[in-house]
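Subject: Two-chain model, handover and findings

Hi,

Here is the model you were waiting for. Please load it first, then read my notes below.

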Amino acid sequence: HFSDLRLHTVTALCSRLSLSPLSCRRALSGSLSRDLSVTLPPPRLSEKSLVSHALVSRSQSQLSRLSQLNSPVSHSLVCRLSISLLSTLSAPVSLPICLHGMVGLSLGEKNFIQGGIAQDLRSDGRKRLTYRPVSVETGVIPQANGSARVRMGATDVISSVKAELGKPSSLQPDKGKVSIYVDCSPTAAPMFEGRGGDELSTDLSVALQCCLLGGKSGAGAGIDLSSLIVVEGKMCWGLYIDCLVVSSDGNLLDALGAAIKAALSNTGIPRVLVAAGASGDEQPEVDISDEEFLQFDTSDVPVIVTLTKVGRHYIVDATSEEESQMSSAVSISVNRKGHICGLTKRGGAGLDPSIVLDMISVAKHVSEQLMNKLDSEIAAAEAVEDDS
Amino acid sequence: MAGRRGTNPTTYSPSLKTQKTRSTIFKDDWVRPDGRGFQQCRPAFFRTSAVTAASGSAYAEFGNTKVIVSVFGPRESKKAMMYSDIGRLNCNVSYTTFATPVRAQGSDRKDFSSMLHKALEGAVILETFPKTTVDVFALVLESGGSDLPVVISCASLALADAGILMYDLVTSVSLSCLGKNLVIDPILEEESYQDGSLMITCMPSRYEVTQLTITGEWSTPKINEGMQLCLDACSKLANIMRSCLKEATTTSQE
């Protein structure tokens, strides 16, 4: 009686996926083991969610009927069936890039993501602390003083640096100014159109400023502000770092941090010759040379590592699917010396303080690899740019 | 880059000469202007039901920082027309024009608003008011340093006064790093010279951190020490807030 119902479920599924019922029956007789050797074309995303919805609805209807019949069947059995089928379907498949913001995930998919993370094998085959391949291009915006484009998987961000002369603030007359601004373009997600992306943009801008600009007195800043001064108290360079999110598949903060680092290493500030004889409160005469001169020293610029907590484990470089399952995330910026330059916790759930300290040590460990990888990528990108 | 465009022409304001002389002071032997020890917070004053028209409200005064928070709700909102089975929390932090030493345009601080939202959303039980919105409006009357932590603590007190169900009171304390010293609950002057800051928001009874923001360069033992100091201060602040709530209920019963 019960086995008939199970078979009915599987055959109904198979007809949807055009599997041969024979192979499924063989699989069932092998009592739901994971080695269902079925060859089928990689399903498109819509099909997969259809399948999982079918599974869930069917299992629920089966369950209600079975409970009426008082059969000793557990919900877990039906779930295991669904998960084992899903795992064979989705193991080598890369999902198409149509996920953003609030992703609609079915229960089967959620369990799959959480289970994978618990077993140190994520949906795309990475381990918990592995980054997606990073690609960096510099000099993508010729009119800006410096620019870079960073791609981490499907996340694509562009960062540009423009320098303009201005007056330093009266509280800190010997330091230049830096302002960071992030814009989420509607090309990344339709909900970013108009004012929709404002909250995320402010969030990211504040987090970047916190991580890269250090304390109010300027100590600990990734960017040395005193190198931006032209005439103390009267004229200084102001750096406007503008970032654009072109495509979002999770882990925006890390990608933006990497893009800013690359853009700064690509930045050339023109040399300024100050006319002698300026006195008092007059604005000094300046002559801006056309040859780019001052190359930024970016060895102190920190790198940002975001650790996302899903269940009881942390992952690095989460995709937007994995981010939708997170309970909280901590973004830590670490510099070359291994000191923390900034930390922001994002996400609603509370965290035990000991977990936060543990995350800090994990982030330090991961940041070394990321820093080296980024440095080599940036050097390669600059070499390509010099050749062309 | 020279100033904001489209603002009112600045009125004359006497320049504060004292700031220039202080900038060369060594931070390692900093003496706090109000005579507190490095690990001493300012005395906290809380009062609930400050605004009678609101569902709940609170007024907080920490030295020179004065903040008033009103909570309206749960009520229906035009923005939340879509059905959702959990409630929405809408936070807004704004400064008055006379809050800062130099008159500035009173404006919403979007970054503070989103930080307040993140600090509170972990504590409010949103499932208890589905389809509706709870609005939290915070107004900083005078900014005397450590503004955001005071706003967060005052907001959780206002939510408690409004009767919104929460897992625990949310308290927040910030810490400044001046040279080698860790200075808790900094005033405006200390904040302008700080080398780094650590702001922690936690739910003391559950011993959980809901928000943590660190700027500046810190080594791990320093972070550890700073966090322990702040968590200790948060639990003491929570006791003060609880006694304030109890007082309010006993006086209303009389």
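A:Arg149 is partly exposed, at 24% relative accessibility. The terms run as follows: buried is under 20% relative accessible area, exposed is over 50%, and partly exposed lies in between (1.4 Å probe, protein chains only). A:Asp156 is buried, at 8%. The side chains of A:Arg149 and A:Asp156 form a salt bridge, with 2.6 Å from N to O. A salt bridge here is a side-chain nitrogen of Lys or Arg within 4 Å of a carboxyl oxygen of Asp or Glu.

Two notes on conventions. This is a predicted model: local features need pLDDT of at least 70, side-chain atom pairs count only at pLDDT 80 or more, and totals for chains, interfaces and linings use all residues. Residues are numbered from 1 along each chain as its sequence is written, chains are lettered from A and ligands numbered from 1 in the order in which they are written, and side-chain values use heavy atoms, leaving out hydrogens and water.

Other salt bridges

The rule gives 23 salt bridges over all chains. In chain B, the side chains of B:Arg32 and B:Glu190 meet at 3.0 Å, N to O. This pair links distant parts of the chain, 158 residues apart. B:Arg32 sits in the loop between helix H1 (18–22) and strand E1 (44–48), while B:Glu190 belongs to helix H4 (residues 188–192). Helices (H or I, at least four residues) and strands (E, at least two) are DSSP runs, numbered from the N terminus. Both B:Arg32 and B:Glu190 are buried.

B:Lys236 and B:Asp232 form another salt bridge, their closest N and O atoms being 3.1 Å apart. These two are separated by about one helical turn, because they are four residues apart in helix H5 (residues 220–253) of chain B. B:Asp232 is partly exposed, at 40% relative accessibility. There is also a network: salt bridges with shared partners join A:Asp124, A:Arg126, A:Arg132, A:Asp249 and A:Asp317.

The interface

How many residues of chain A are in contact with chain B? The count is 44 residues of chain A against 33 of chain B. Contact means heavy atoms within 4.5 Å. The area buried between the chains is about 3,000 Å², and carbon and sulfur atoms give 58% of that. Buried area is the accessible area (1.4 Å probe) that two parts lose on being put together, summed over both.

The rule finds two salt bridges across this interface. A:Lys337 and B:Glu217 meet in a salt bridge at 3.6 Å, N to O.

On the chain A side, E12(A) gives the most, with seven residues. E12(A) is also joined to strand E9 (residues 208–218) of chain B by four bridges, and the two run antiparallel. A:Leu343 has B:Ile214 in E9(B) as its bridge partner. Two strands pair if DSSP finds at least two bridges between them.

Chain A overall

Chain A has nine helices and twelve strands. Of its 388 residues, 49% are buried. A:Ser299 lies in the loop between strand E8 (286–295) and strand E9 (303–310) of chain A. A:Ser299 is partly exposed, with a relative accessible area of 30%. Its C-alpha atom is 25 Å from that of A:Lys345, 46 residues apart along the chain.

A loop and a hairpin in chain B

B:Ser146 is in the loop between strand E5 (133–142) and helix H3 (147–162) of chain B. At 2% relative accessibility, B:Ser146 is buried. Its side chain makes a polar contact of 3.3 Å with that of B:Asp185. Not counting residues up to four places away in sequence, B:Ser146 touches B:Arg42, B:Ser174, B:Asp185, B:Pro186 and B:Glu191.

Strand E6 (residues 171–178) of chain B and E7(B) run antiparallel, joined by four bridges. They form a hairpin with two residues between them. B:Gly179 in the turn has a positive phi of about 65°. B:Leu175 stands opposite B:Ile184 in E7(B). Both faces of strand E7 (residues 181–184) are covered: B:Asn181 and B:Val183 on one side, and B:Leu182 and B:Ile184 on the other, are all buried.

Best wishes

Terms used: A polar contact is a pair of N or O atoms within 3.5 Å; within protein, one must be able to donate a hydrogen and the other to accept it, and residues adjacent in sequence count only if both atoms are side-chain atoms.
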